[in-house]
Amino acid sequence: MAETRVTIAIDGPAAAGKGTISKAVAKELGFAHLDTGLLYRAVGAKVLAGAEAVEAARSLTADDLQAGTLRTPEVAQAASKVAVIAEVRAALVDFQRAFARRLGGAVLDGRDIGTVICPNAEVKLFVTASAKVRAERRYLELSTGGHEVSRDEVLADVKARDERDMNRAEAPLKPAEDAVLIDTSELDIDAAVAMALRAILDKTGL
């Protein structure tokens, strides 16, 4: 795969499984992986710490993506809020596009990879699941991590993020016209990864 320049764009709403699928696919293919949501979470974390959103995006470094506090509900909400700011999105586009065309292949997961960041990606997948299923997954993830939350709170949070992500003016969350849809509501992770890999092989012949 050393001479390969293949971009795999994986989009979808929160807790649909796109991150887990993306990591597994990248590992299987030997591709580099970028969770683009971490870029927005890192900006959101900076804003919570008192920074201005656009400046935070423009000054983002790779080290900012390593912070251990980027997976909290507070940072997730902050990320969703800064993601609607056009100047923030513009500041992060070049970083993502350069990563996407790196030699050796790349898997990027996020909200607008197949529609805005990499519209010419060789493979586009849209991973989704029902809001109830996604909320239960997120609840288990948070409660296991020591966060005190209720199922109702998490479901409301998931629905609020969906509403904001799907209806924002800049790069709304939606499947690319040529994306392969994978609904993980009733799939375990192995089946979902197998479906993703099959779609990738069908598209690329890797």
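Both faces of strand S3 (residues 106-110) are covered: Ala106, Leu108 and Gly110 are buried on one side, and Val107 and Asp109 are buried on the other. Here, buried means under 20% relative accessible area, exposed over 50%, and partly exposed in between, with a 1.4 Å probe and protein chains only. Helices (H or I, at least four residues) and strands (E, at least two) are DSSP runs, numbered from the N terminus. Five of the five residues of S3 are buried, so this strand is largely enclosed by the rest of the structure. In a regular strand the side chains alternate between the two faces of the sheet.

The model is a predicted one, in which local features need pLDDT of at least 70 and side-chain atom pairs count only at pLDDT 80 or more, while totals for chains, interfaces and linings use all residues. Residues are numbered from 1 along each chain as its sequence is written, and side-chain values use heavy atoms, with hydrogens and water left out.

Five strands form an open sheet in the order S2-S3-S1-S4-S5, with parallel pairing; two strands pair if DSSP finds at least two bridges between them. S2 and strand S5 (180-183) stand at the edges with a single partner strand each, so one side of each has no neighbour in the sheet. From one strand to the next, the twist averages 20°. S3 is joined to S2 by four bridges and to S1 by five bridges, and S1 and S3 run parallel. Leu108 of S3 stands opposite Leu34 and is also the bridge partner of Ala9.

H5 touches strand S1 (7-11), S2 and S3, and its direction makes about 145° with that of S3. Helix H9 (residues 189-204) touches S1, strand S4 (123-128) and S5, and its direction makes about 160° with that of S4. Contact means heavy atoms within 4.5 Å. Axes are lines fitted to C-alpha atoms, for helices over the stretch in contact, and angles run from 0 to 180 degrees between N-to-C directions.

Helix H1 (residues 18-29) holds Ser22, and Ile21 also has its place in H1. Ser22 counts as buried at 0% relative accessibility, and Ile21 is buried with a relative accessible area of 0%. Not counting residues up to four places away in sequence, Ser22 touches Ile10, His33, Val107 and Asp109. The side chain of Ser22 also reaches the backbone oxygen of Lys18 at 2.6 Å, a polar contact being a pair of N or O atoms within 3.5 Å; within protein, one must be able to donate a hydrogen and the other to accept it, and residues adjacent in sequence count only if both atoms are side-chain atoms. With neighbours within four places in sequence left aside, Ile21 is in contact with Val127, Thr184, Ile189, Ala192, Val193 and Ala196.

Asp35 counts as buried at 14% relative accessibility. Apart from neighbours within four places in sequence, Asp35 is in contact with Arg71 and Asp109, and its side chain reaches the backbone nitrogen of Gly37 at 3.0 Å.

The axes of helix H2 (residues 37-48) and helix H4 (residues 73-82) come within 7 Å and cross at roughly 105°. H2 and H4 are therefore roughly perpendicular to each other; angles under 35 degrees count as roughly parallel, over 145 as roughly antiparallel, 65 to 115 as roughly perpendicular and the rest as oblique. The contact is made by Tyr40, Arg41, Val43, Gly44, Ala45, Val47 and Leu48 of H2, together with Glu74, Val75, Ala76, Ala78, Ala79 and Val82 of H4. The residues of this contact divide into ten nonpolar, one polar and two charged. Ala, Val, Leu, Ile, Met, Phe, Trp, Tyr, Cys and Pro count as nonpolar, Asp, Glu, Lys and Arg as charged, and the others, Gly among them, as polar.

The buried residues of H4 are Val75, Ala76, Ala78, Ala79, Ser80 and Val82. They pack against H2, helix H3 (53-58), helix H5 (86-100) and helix H8 (151-167). Within H2, Ala42 counts as buried at 3% relative accessibility. Leaving out neighbours within four places in sequence, Ala42 is in contact with Leu60, Asp64, Leu65 and Leu70.
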